[in-house]
Amino acid sequence: MADLSKLVDELSNLTVLEAAELAKLLEEKWGVSAAAAVAVAAAPGAGGAAAPAAEEQTEFTVVLAAAGDKKIEVIKEVRAITGLGLKEAKDLVEAAPKPIKEGVSKEEAEKIKAQVEKAGAKVELK
């Protein structure tokens with residue numbers, strides 16, 4: 001049997017891309033899907049307690065609702081957050097309401113919201 005602690009150390013040193021590639025290779029080799037295993041593990045057992053009424057949201061969309069009075073400051077923040085060019089960021093800000101970022105974690109969404117609101121815009125999380 002392989003030295004498990006050595007295996008754990010090697011896996012801990014993988015980058016995110018390497019770990020994703022490893023997962024893909026194992027799924028192909030074993031003919032399974034990691035997503036299916038997670039869904040089965042998350043399902044309640046027979047006769048178990050009822051599932052919660054509403055599942056907690058894990059992915060958020062940060063929407064620029066209005067640019068506010070300091071449009072230039074808002075454009076600067078949007079550029080910094082999204083990596084867009086000046087023209088693209090300006091178009092996004094002027095076309096509000098528009099999503100700034102989609103599919104982000106709650107922590108990142110709150111951070112982005114705080115940054116853009118500090119610049120003077122109105123932001124919503126969806």
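**View 1. Pairing of strands β1 and β2 in the predicted model.** Phe-60 has Val-104 of β2 as its bridge partner, in a model that is predicted. Strand β1, which comprises residues 60-66, pairs with β2 in the antiparallel sense, and four bridges join the two. In general, the strands of a sheet pair through backbone hydrogen bonds, in either a parallel or an antiparallel manner.

**View 2. The open sheet of three strands.** The strand order is β2-β1-β3, and the pairing is antiparallel.

View 3. Helix α2 covers residues 16-30, a run of 15 residues. At 1.5 Å a residue, α2 should span 21 Å, and this agrees with its end C-alpha atoms, which are 21 Å apart. Just after α2, Gly-31 adopts a positive phi of about 70 degrees.

**View 4. Packing of helices α4 and α6.** Helix α4 (residues 71-82) packs with helix α6 (residues 106-118) at an angle of about 155 degrees, and their axes are 8 Å apart. Because angles over 145 degrees count as roughly antiparallel, α4 and α6 are therefore described as roughly antiparallel to each other. From α4, the contact is made by Val-74, Glu-77 and Ile-81; from α6, by Ile-112, Gln-115 and Val-116. The residues of this contact of α4 with α6 comprise four nonpolar, one polar and one charged.

Definitions and conventions: Residues numbered from 1 in each chain as written. Predicted model: local features only at pLDDT ≥ 70, side-chain atom pairs only at ≥ 80, totals over all residues. Heavy atoms only, no water. Pairing = 2+ DSSP bridges. Expected span 1.5 Å × (residues − 1). Axes fitted to C-alpha atoms, helices over the stretch in contact; angles between N-to-C directions. Parallel < 35°, antiparallel > 145°, perpendicular 65-115°, else oblique. Contact = heavy atoms within 4.5 Å. Nonpolar A, V, L, I, M, F, W, Y, C, P; charged D, E, K, R; others polar.
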